[in-house]
Protein chains: 2
Amino acid sequence: MGVPDPLLAESLARIARDVDSMFDALLPSATDNRSVLDQAMRHAAIGGGKRLRPLLLTATAAMYGVDHAQALRAGIAIEAVHAYSLVHDDLPCMDDDELRHGKPTVHKAFGEAVAVLVGDALQAFAFEVLADPATSGDPFVRAELVKVLAQAAGAGGMVGGQMLDIAGEGQALGLPEITRLQQLKTGALLGAAVEMGAVLGKVPAEGRTHLRGYARDLGLAFQIADDLLDHEGDAAKAGKALRKDAGAGKQTFVAVLGADRAREQAQMLVDQAIAHLGHHGQEADVLRALARYIVERDH
Amino acid sequence: MGVPDPLLAESLARIARDVDSMFDALLPSATDNRSVLDQAMRHAAIGGGKRLRPLLLTATAAMYGVDHAQALRAGIAIEAVHAYSLVHDDLPCMDDDELRHGKPTVHKAFGEAVAVLVGDALQAFAFEVLADPATSGDPFVRAELVKVLAQAAGAGGMVGGQMLDIAGEGQALGLPEITRLQQLKTGALLGAAVEMGAVLGKVPAEGRTHLRGYARDLGLAFQIADDLLDHEGDAAKAGKALRKDAGAGKQTFVAVLGADRAREQAQMLVDQAIAHLGHHGQEADVLRALARYIVERDH
């Protein structure tokens, strides 16, 4: 339990290195008074997280023969959106967290005003990277990448899910409401990662149905596993405060289903996610291993 | 003084109507718990501001025969970025303002957490609109619009300028530092408005030099005029608190140059901006009138 298979372990290690080095190369580094902003953007983006979204994106793109460096640029963009959302989520007016990836949160290290700006700048950075011809020589692909990421990031996706999360605090949400909330809050971006890989691979929309099914099941399994970790996990391994959900009056899958049924449900979703990949051969092995890992990880 | 010429008055009235009605049509309106977010996005985006950026964009695009509805979509995108920046700027950890366009600021009306999310969602909305084929049937144009706006909005533009503004509080900045700060904080987005109009008009990069010169001079003149209004203006007409800059220890053009020299400088920049348009005929009359209006307005 908790140890990924060798193929996935190698992929996780590689994407972690690649993401850090590409963030380092692409993030700004001004020499004037803006240097605080640039340092804080690096603090938020480099050296933390499992990089699941870039891995999902690059592994999907690789199935269709996309150049790794180009897929990695799109991976950086989606990870920048994820990183900005964590910076804003951690703010005192939101979740008020002090620790993230084992480091002080951005507002603890640099102040609240800088943390607001870091999130804002990381979001703009994401779209700047996608729109650059280095990400794809095909402008249609660039524009599609922007559209998919913007839809998943905004009020119809991630930010909408955060709004549901805030609005639902202290309310007794049922399973359908929690599912909807999480499909937006984390599912939209995980789905976008797979979709962007398919866009880079020029897979026509009608050929993406199975990938969307995979991403949808994976996203829910991921969130249930996250709730289980929040409920039972080790704060030192997680690098952040745990068991905050119950205290904040937030409804989770574990609260509604209980830990045992939640674990069964996550396993069932993983099996279903893998089944969507049935007509693929070994080119989909990383996606399969990732789905299994998502419910077995210990942080 | 303060009254725009008839052509410009008509253009200002038209763009105000068009921007409001298109925001109303395009902004989300969820019926679930997200409705608070959607209401707050509308509060931030609809019914306020002079809409200078959409006017600059559509007036430039019109010079090159671009369809008004398409240019307006790009105008909505840049105005969404401007609106989000005001929402975040007004937050307690930033400028802590209570009034904007004569209404309570978003965090006053909806709370801080919602205000953070409104800004984040408006930024994503901007790029979603640009990447949509309805903005241009040419994917190269869509990708270019995204690139220009993302660069102008991020750490290398508007957000970078806000960082300089925060970092410079209480410091004795000279004219070059204030100029640089304002070129990023407000100039970048005003420049992007003109540039995006040229992108829609498929003006090649080498044919945009005069437009960039116009935008650069206009942007600085605009900021000097803003400083003069903050120094001498009428808070009721401005719809926001004035004379906050001195109190916040912020350096302004007026503080460094004095009001008389600042006014002369703004006028000189306007003349220079108009001179850049020398080889255009009456198709550039709105841009000329806008430049004159920018230093003559009383709010």
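How many residues does the contact take from chain B and from chain A?

## Model and contact between chains

The contact takes 45 residues from chain B and 46 residues from chain A, two residues being in contact if their C-beta atoms, placed from the backbone, lie within 7 Å. H6(B) gives the most to the side of chain B that touches chain A, with 12 residues. By class, that side of chain B has 28 nonpolar, 9 polar and 8 charged residues (Ala, Val, Leu, Ile, Met, Phe, Trp, Tyr, Cys and Pro count as nonpolar, Asp, Glu, Lys and Arg as charged, and the others, Gly among them, as polar).

This is a predicted model, in which local features need pLDDT of at least 70, side-chain atom pairs count only at pLDDT 80 or more, and totals for chains, interfaces and linings use all residues. Residues are numbered from 1 along each chain as its sequence is written, and chains are lettered from A in the order in which they are written.

Helices are DSSP runs (H or I, at least four residues), numbered from the N terminus.

## Helices H3 and H15 of chain A

The axes of H3(A) (residues 52-63) and H15(A) (residues 285-296) come within 9 Å and cross at roughly 150 degrees. That makes H3(A) roughly antiparallel to H15(A) (angles over 145 degrees). Leu55(A), Leu56(A), Ala59(A) and Thr60(A) in H3(A) meet Val286(A), Leu287(A) and Leu290(A) in H15(A). This contact has 6 nonpolar, 1 polar and no charged residues.

How values were computed:
Helices (H or I, at least four residues) and strands (E, at least two) are DSSP runs, numbered from the N terminus. Axes are lines fitted to C-alpha atoms, for helices over the stretch in contact, and angles run from 0 to 180 degrees between N-to-C directions. Angles under 35 degrees count as roughly parallel, over 145 as roughly antiparallel, 65 to 115 as roughly perpendicular and the rest as oblique.
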